[in-house]
Amino acid sequence: KVSTVEKRWTLNDFDIGKPLGRGKFGHVYLAREKKSNHIVALKVLFKSQLKQSQVEHQLRREVEIQSHLRHPNILRLYGYFYDQTRVYLILEYAAKGELYKELQKCKYFSERRAATYIASLARALIYLHGKHVIHRDIKPENLLIGVQGELKIADFGWSVHTFNRRRTMCGTLDYLPPEMVESVEHDASVDIWSLGILCYEFLYGVPPFEAKEHSDTYRRIIKVDLKFPPKPLVASAAKDLISQMLVKESSRRLPLHKLLEHPWIVQNADPSG
Ligand SMILES: Nc1ncnc2c1ncn2[C@@H]1O[C@H](COP(=O)(O)OP(=O)(O)OP(=O)(O)O)[C@@H](O)[C@H]1O
Ligand SMILES: O=C(O)c1cc(-c2cccc(F)c2)nc2ccccc12
Ligand SMILES: [Mg+2]
């Protein structure tokens, strides 16, 4: 069993295996922790590139947030260490890889598979929001698949701790810099919207507001120009759920615990998730 974050890890603690993929800032390798024989994914990030892109604070925040999370549908971050030139993240290994590749292969998912994924993501988001964390970047590229086929939310690079409302409600906003005011603006309901987009994409194979130009996608989003194609045939209960999540007024989006009671989820999601 891989111990907690307190231990000081070094590269010598691991045997490095095959590359699992390439990210923006470096590679991810299969690795085995020598003492426990525990298989992990070792994400190697180059400090030079992190500095260049000015994402050091984002990475520290990602590590700080993800290392404290414990949920079956959230990818574990066991620890990190760094040397002269690189930062290493010790991550749970998701044996069945990326969800978006699975979606490309199947074109779209069955209602049972889609509902099971959406229910497990809703449970993970309920857990996250309960800890005042919003992910803000829920999309197929950031979802990995565990050895039992279960979904794992990864990439907390864009996640943030939301301020408790007392601090922002009574404290004047006047002195808060844009980036703090901006994060006060959007709350956990941004993840409900993204989950609605995902649900649509799982069932139709494309996201609802896709367009050739970014400007067109932007226009369709702010208009909530939601259309359901005739093919593939999708149950009206699923369309009803999606329509309750893709609501412009963020406070009127279907709360996550209500999503888990929605007929389409109750009838189609596999309880084990
Ligand atoms: N824990 C893991 N288990 C299995 N494969 C992984 C894991 N983490 C990453 N990978 C593989 O490595 C690839 C790159 O990883 P990742 O997406 O985390 O890098 P990144 O794109 O730089 O990160 P970000 O998406 O935050 O920019 C992934 O697309 C995936 O194929
Ligand atoms: O040389 C450092 O002290 C250093 C540490 C860290 C770091 C420290 C904790 C957690 C984490 F994810 C990253 N990130 C960096 C990124 C670029 C350049 C240097 C560093
Ligand atoms: Mg990535």
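Biologist: Where is Asn73 in this predicted model?
Modeller: Asn73 sits in the loop between H2 and E4.

Biologist: Why is Asn73 called buried?
Modeller: The relative accessible area of Asn73 is 5%. Buried means under 20%. Asn73 is therefore buried.

Biologist: What makes the pair of Asn73 and Leu151 a polar contact?
Modeller: A polar atom of the Asn73 side chain lies 2.9 Å from the backbone oxygen of Leu151. The cut-off is 3.5 Å, so the distance qualifies.

Biologist: Why is Tyr218 called exposed?
Modeller: Tyr218 has a relative accessible area of 54%. Exposed means over 50%, so Tyr218 qualifies. Its place is helix H8, residues 214-223.

Biologist: Which residues form a nonpolar patch on the surface?
Modeller: Tyr218, Ile221 and Ile222 form it. Together they have about 280 Å² of accessible area.

Biologist: Which residues are around ligand 2?
Modeller: They are Lys47, Leu50, Lys51, Glu56, Leu59, Arg60, Val63, Tyr80, Tyr82 and Val87. Taken alone, ligand 2 exposes 440 Å², and the protein buries 85% of that.

Biologist: Which elements give two or more residues to the shell around ligand 2?
Modeller: Helix H1 (47-52), helix H2 (56-67) and strand E4 (77-82) do. H2 gives the most, with 4 residues.

Biologist: What makes Lys47 a polar contact of ligand 2?
Modeller: An oxygen atom of ligand 2 is 2.7 Å from an N or O atom in the Lys47 side chain. The pair is within 3.5 Å, so it counts.

Key
Residues are numbered from 1 along each chain as its sequence is written. Chains are lettered from A and ligands numbered from 1 in the order in which they are written. This is a predicted model: local features need pLDDT of at least 70, side-chain atom pairs count only at pLDDT 80 or more; totals for chains, interfaces and linings use all residues. Side-chain values use heavy atoms; hydrogens and water are left out. A residue is near a molecule or strand if one of its heavy atoms lies within 4 Å of it. A polar contact is a pair of N or O atoms within 3.5 Å; within protein, one must be able to donate a hydrogen and the other to accept it, and residues adjacent in sequence count only if both atoms are side-chain atoms. Accessible areas come from the Shrake-Rupley method with a 1.4 Å probe; for residues, only the protein chains shown count as cover. Patches are made of residues with over 30% relative accessible area and no salt bridge: like charges are joined within 9 Å, nonpolar side chains (Val, Leu, Ile, Met, Phe, Trp, Tyr) within 5 Å. A salt bridge is a side-chain nitrogen of Lys or Arg within 4 Å of a carboxyl oxygen of Asp or Glu. Buried means under 20% relative accessible area, exposed over 50%, partly exposed in between (1.4 Å probe, protein chains only).
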